[in-house]
Amino acid sequence: MRKIRIIAHISLDGVIQSPGSREEDGDYAAGGWALRYSDAAVGQAIIAAHGKSFDLLLGRHTYDIFAGHWPKAENSPLADGLNAATKYVATHRPESLTWGPVQDLGQDIAKGVRSAKSKSGPDLIVWGSSTLTPLLLEQGLADEILLLVYPLLLGTGKRFFSDKVDPRELALVNTQAGPSGVLLNTYRNVGSLL
């Protein structure tokens, strides 16, 4: 069984909305907040977190953002990996998925994720997704979480952690700090706290 690893840019107050640009998710006033903290350590950690081979597990909105950017990116090992990966997508519009190889997860998202996870193949990487990530945590399907924690407070916006998640224990596997102040914390899902 392959692992599901979540990667998320997150503020100190838990916001994950629009790290790359203001337009990523509507018109979020603080959008693009992650870009001012770019440094080599963060970039290397992101590439290392994907591993040599991976598939993607994405919510529809994140899929659309990625599909609009990564096929056009050139001379990038990360772009090559993202473009080659099979994308498993939570969507109600599977007929409109054009960035492939791609498979929709079906009507029952949790069942579709379990099916994708049970297949042989590389680990599944989840990026962003304020709707898919809480489901994965709630269902105990996430094996590892890499949080790139930025030294800022955003106040409002979509959050990584949901009130629906049962109390659970995470073990800190690794931590490092980039020169820009971004903390790269990797956690392993231990299980229910209760």
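Does Arg2 count as buried or exposed, and at what relative accessibility? At 3% relative accessibility, Arg2 counts as buried, where buried means under 20% relative accessible area, exposed over 50% and partly exposed in between, with a 1.4 Å probe and protein chains only.

The model is predicted: local features need pLDDT of at least 70, side-chain atom pairs count only at pLDDT 80 or more, and totals for chains, interfaces and linings use all residues. Residues are numbered from 1 along each chain as its sequence is written, and side-chain values use heavy atoms, with hydrogens and water left out.

**Overall chain**

The protein chain has five helices and eight strands, in the sequence order β-α-β-α-α-β-β-α-β-α-β-β-β. Helices (H or I, at least four residues) and strands (E, at least two) are DSSP runs numbered from the N terminus. The radius of gyration, taken over C-alpha atoms, is compared with a globule rule of 2.2 Å times the number of residues to the power 0.38. For 194 residues a compact globule would have a value near 16 Å, and the protein chain, at 16 Å, agrees. The C-alpha trace spans about 45 × 40 × 30 Å along its principal axes.

Of the 194 residues, 47% are buried. Contact means heavy atoms within 4.5 Å; among contacts between residues at least 6 apart in sequence, 69% join residues at least 24 apart.

**Arg2**

Arg2 lies in the segment before E1.

Leaving out residues up to four places away in sequence, Arg2 touches several residues, including Asp55, Tyr88, Lys117, Asp123 and Asp143.

**Helix H1**

Helix H1 covers residues 40–50, and its buried residues are Ala41, Val42, Ala45, Ile46, Ala49 and His50. These buried residues pack against helix H3 (77–84) and against strands E1 (4–11), E5 (124–127), E6 (144–150), E7 (168–177) and E8 (183–192). After H1 comes Gly51, with a positive phi near 80°.
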